[in-house]
Protein chains: 4
Amino acid sequence: MGSVSAALDAVRRDVVHGAMVPLENSVEGAVPATLDELAVGEPLMITTEVLLPIAFSLLVRPGMQLADVKTIASHPHALPQVRRWLASNLSDAEWHAAASNADAARRVQEGQFDAALAGSFAAQHYQLVPLHEDIHDRAEAVTRFVLVSKFGRPPLPTGADRTTLVVFPRDTDRPGSLVSILQECSTRGVNLTRIESRPVGSKLGEYHFSIDFDGHVEDASVGEALMGLRRVCADVRFLGSYPRADGIARRVFSGTSEQDFANAACWLARLRQPLPDV
Amino acid sequence: MGSVSAALDAVRRDVVHGAMVPLENSVEGAVPATLDELAVGEPLMITTEVLLPIAFSLLVRPGMQLADVKTIASHPHALPQVRRWLASNLSDAEWHAAASNADAARRVQEGQFDAALAGSFAAQHYQLVPLHEDIHDRAEAVTRFVLVSKFGRPPLPTGADRTTLVVFPRDTDRPGSLVSILQECSTRGVNLTRIESRPVGSKLGEYHFSIDFDGHVEDASVGEALMGLRRVCADVRFLGSYPRADGIARRVFSGTSEQDFANAACWLARLRQPLPDV
Amino acid sequence: MGSVSAALDAVRRDVVHGAMVPLENSVEGAVPATLDELAVGEPLMITTEVLLPIAFSLLVRPGMQLADVKTIASHPHALPQVRRWLASNLSDAEWHAAASNADAARRVQEGQFDAALAGSFAAQHYQLVPLHEDIHDRAEAVTRFVLVSKFGRPPLPTGADRTTLVVFPRDTDRPGSLVSILQECSTRGVNLTRIESRPVGSKLGEYHFSIDFDGHVEDASVGEALMGLRRVCADVRFLGSYPRADGIARRVFSGTSEQDFANAACWLARLRQPLPDV
Amino acid sequence: MGSVSAALDAVRRDVVHGAMVPLENSVEGAVPATLDELAVGEPLMITTEVLLPIAFSLLVRPGMQLADVKTIASHPHALPQVRRWLASNLSDAEWHAAASNADAARRVQEGQFDAALAGSFAAQHYQLVPLHEDIHDRAEAVTRFVLVSKFGRPPLPTGADRTTLVVFPRDTDRPGSLVSILQECSTRGVNLTRIESRPVGSKLGEYHFSIDFDGHVEDASVGEALMGLRRVCADVRFLGSYPRADGIARRVFSGTSEQDFANAACWLARLRQPLPDV
């Protein structure tokens, strides 16, 4: 698909079962198009996540040598991630923007440019060859992709899960309104791992928040935090609970384990309905 | 009964069905003996509360006139509540301490003193007569009594209820430990109406807390707050949910009504178990 | 002096330079008379504190043996503190309430009772002798006394100080009002060590709070917390910063040391008034 | 300048006195390049902000008619903001990505494309003419630009100011770490107006935060909040206090006015250094 919007539309229209879209990357941060497409319209659900290293191949037409490369094309986002590599290896070549890396490859195939920075998987499609692979300035840089399906039942909890939400606050115009939203999580021991402000209705100064936290909707702690958010916010959109790609199990803090929640629930039930004397 | 301890022991030993004991009064504050007896030992339950105006009768032997009263006896607690009345009406009489107001009345009967400051109900028992009634320095001063029974099912909610607890914190030696306990209430919109520190195990610097808040254990907000306290505290002792004597209905703040809790619970249930497509 | 009130009045009227009054004890908790006398009227200041072990002497008329003691008198407060000793040593003797321990000693002198539980210092005054000393059920039980003078400059900080306040909240009728008061302390790393609700104006349901926390008014953290309380409360009465009797130094948590406060203040000053370029 | 980086570098190298760069826009949200360039490197300072409506001109070579436009170029960011206009007015034209809107205009001048979507100010520079102006899909959409200079003394407070920071937390891996950061603002009545997570060091899951709040570094409330952030965070970068473009005065909440802060500071000073008796 040509864009995140198109891919998610295809899910909504039942053209495909799922779309793998970028949510954030460790160089550029969140991907606004993905956040915004998920925040409105027919509800969708994230069912898994994948971390892909950020690395490019230098794709050329067969026979082309590195010394011959005078022009390079890529999506503008690729440039900050390979700038140092280019300075060391192709300092005289001229860079050109393309609409996407795939578009850059296509235009290399058509002869407009000498080389494209793109995923190596694009080589075959455009009948190009990779002159260099695994090009990046920062070895650990990754993009987090999420697999998005139609809204349904979340995958089962694994103990190392993440939950994604969109939270629409009631009133952000007083000190502490965001604090009180986040306390709905912290009070239940639920650790926020990402928060983004997104402008609402194309006005500056009004935001909704895209939030990730550790844990699964089936967890008692997460369930209670979700209900708390639902009560104090104008709206909450649940975008799924799914296994973390890094498999890091949730840290549990004193008083907020699943066992603690279960014990407290039993205790409350007995206060409300004491056991009869025998 | 001669003391709060004796009265509560009688409840625990099934000698009586209930004991009406003072919990706090508006001049002296909390009644430590009552708080401490309820905090340990076999669990008891408060099932109702009564506010009694603080007023004394001046009890004398039949035939005694005001001009004859040269000595007056009472429990020392009574004195600050009638000091001005005594100054205006019996400025020359000499006050003597008794172990209780009942003891003062007994000693008037025995002829040790001329008059006792006590409840008018004591007159008949000690064959005395009230020379003056409704004696007090502050018209609005009251004592809050609670009716204590064996632990059981709380009375039904009325919409104007109070809940009483004893909370044993896990660690009070860091800034914010009491804050985090109280937030378990405030996050759910539960309003604290009274809090007392009580020393634990006869060491200073370690406390448990005697707490009252608005609402009933059957309320969703109160139930969730109780579970939260149970999770983060070393122990919580529930002492009952019962109608407020003043009948003042609970103020409900945005996002914390019973309806808000119910809506959030339904929403969560649907996230966990979506409706099947038809 | 016959009472806490009388002792503090004597300080206010310049009759004495200071009064040593009980603030709390580890069996009975806070001493309401002291808290309330300090909370209103001409401001006073606590300049030091002392912890005195709770222990009684068994005072008898000269010549009396333990085997002869059939009746014992004391203030009712003494009884819970010696109950086990009595059960082991005088299980057949009968206990009687007196208005105070001094009153019990007087009545032993007069021959009404065989023995009094009182401080050993009372023996000489009433011509009694101590048959047993250092009587108590819990070895570690103590009363905390404070030395109160006229309002003035607090003693210098020692690194192991305590600060005592009375806080009059603006509005206690909403969830979180007490939380927001306590957060003024916890945000600055100031650890609350005692809190008592005291009824205001002889009405139940409206309280001010008597508070102790670790640290000294000269500490940056305590100073900022005090200013915060002053801003958000209807009134704050400062009752002094003084060395802790137990000499336990203040625990300092990350980001709230005096050095942290000083560094932050320097940083802010430089933001407001940058160094000129040289 | 060809990019935000280049513009800010020019400020740092004293080539220009200031750079006007986009910080966020109401359709796309924050501009990562600007946030990240300001967060590291030699400190810079925002001295004012401007809100510019988002609108494009369709620039063509002189003589070109709308019916002749077969290809259009722009930066990819422009596309979502004019998509509907293009669908209505140029549904058959083919869109091409350019590195920037200025680059698109240059390439129209060179004849590579028929039309560029760019600011109308670009027309003269590239010898183009605007065929249509004020092109946008949402009338109220704006971009917030900030004027960035070398670090120095902030402009004077106006009563309607904004402060921009970058906050590097100490530990984000526990529930409530972000809450405690935000409480440094809310406790002082300082209202957060924008917060963005930005990935740190090209790893996902570790973030710093780009923050705007109401008020000026010279305000007592803002100063105290800044010091609090500085104490509890690993680092804080102050990016300036400057007049809000919309001129909306800061809302002041109970207990957090400048007068409240001043009163509290005087009170504290008198506690520490009481007035001598006269």
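This section describes a helix, a chain interface, several salt bridges and a few individual residues. The model is predicted, and the values given here were computed from it.

Helix H8 of chain D comprises 15 residues, 258–272. At 1.5 Å a residue, a helix of this length should span 21 Å, and the end C-alpha atoms of H8(D) are 21 Å apart, which agrees. Five residues of H8(D) are buried, namely D:Phe261, D:Ala264, D:Trp267, D:Leu268 and D:Leu271. These residues cover an arc of only 130 degrees around the axis, which places them on the same side of the helix. On the other side of H8(D), D:Gln259 and D:Cys266 are exposed. The cover over the buried residues of H8(D) draws on two chains: it includes helix H7 (220–232) and strand S13 (235–243) of chain C, together with helix H7 (220–232) of chain D.

The interface between chain D and chain A was examined next. Chain D contributes 50 residues to this contact, and chain A contributes 50 residues. The size of an interface is often given as the accessible area lost when the parts come together. For chain D and chain A the buried area is about 3,900 Å², with carbon and sulfur atoms giving 54% of it. No salt bridges were found across this interface, whereas four residue pairs are in polar contact, with both residues of each pair at pLDDT 80 or more. On the side of chain D that touches chain A, the elements giving two or more residues include helix H2 (32–39) and helix H6 (177–186). Strands S1 (19–25), S2 (29–30), S6 (94–97), S9 (142–150), S11 (192–200) and S12 (203–214) of chain D also belong to this group. The largest share of that side, eight residues, comes from S11(D).

Over all chains, the whole structure holds 91 salt bridges. In one of them, A:Asp212 pairs with A:Arg144, and the closest N and O atoms are 2.6 Å apart. This pair links distant parts of the chain, as A:Asp212 lies in strand S12 (residues 203–214) and A:Arg144 in strand S9 (residues 142–150) of chain A, 68 residues apart. Both A:Asp212 and A:Arg144 are buried. In chain C, a salt bridge joins the side chains of C:Arg231 and C:Glu184, with an N to O distance of 3.9 Å. Here too distant parts of the chain are linked: C:Arg231 belongs to helix H7 and C:Glu184 to helix H6 (residues 177–186) of chain C, 47 residues apart. C:Arg231 and C:Glu184 are both buried.

Because D:Arg107 and D:Asp103 are four residues apart in helix H4 (residues 101–109) of chain D, about one helical turn separates them. Both D:Arg107 and D:Asp103 are buried. Elsewhere, salt bridges that share partners join residues of two chains into one network, formed by A:Glu184, A:Arg188, A:Glu224, A:Arg231, B:Glu184, B:Arg188, B:Glu224 and B:Arg231.

D:Val11 is located in helix H1 (residues 4–12) of chain D and counts as buried because its relative accessibility is 0%. The C-alpha atoms of D:Val11 and D:Lys150 are separated by 6.6 Å, although these residues are 139 residues apart along the chain. Beyond residues up to four places away in sequence, D:Val11 touches several others, among them D:His17, D:Leu44, D:Val148 and D:Lys150. B:Thr164 lies in strand S10 (residues 161–168) of chain B and, at 1% relative accessibility, is also counted as buried. The side chain of B:Thr164 makes a polar contact of 2.8 Å with the side chain of B:Asp212. Other residues touched by B:Thr164 include B:Ile46, B:Arg144, B:Phe238 and B:Tyr242.

Positive phi values in residues other than glycine were also noted. B:Gln127 has a phi near 55 degrees and lies in the loop between helix H5 (122–125) and strand S8 (129–135) of chain B. With a relative accessible area of 59%, B:Gln127 is exposed. For C:Asp134, phi is likewise positive, near 55 degrees, but this residue is placed in strand S8 (residues 129–135) of chain C. C:Asp134 is exposed, with a relative accessible area of 54%.

Notes: Residues are numbered from 1 along each chain as its sequence is written. Chains are lettered from A and ligands numbered from 1 in the order in which they are written. This is a predicted model: local features need pLDDT of at least 70, side-chain atom pairs count only at pLDDT 80 or more; totals for chains, interfaces and linings use all residues. Side-chain values use heavy atoms; hydrogens and water are left out. The expected span of a helix is 1.5 Å times one less than its number of residues. Buried means under 20% relative accessible area, exposed over 50%, partly exposed in between (1.4 Å probe, protein chains only). The arc is that of the directions from the helix axis to the C-beta atoms. Contact means heavy atoms within 4.5 Å. Buried area is the accessible area (1.4 Å probe) that two parts lose on being put together, summed over both. A salt bridge is a side-chain nitrogen of Lys or Arg within 4 Å of a carboxyl oxygen of Asp or Glu. A polar contact is a pair of N or O atoms within 3.5 Å; within protein, one must be able to donate a hydrogen and the other to accept it, and residues adjacent in sequence count only if both atoms are side-chain atoms.
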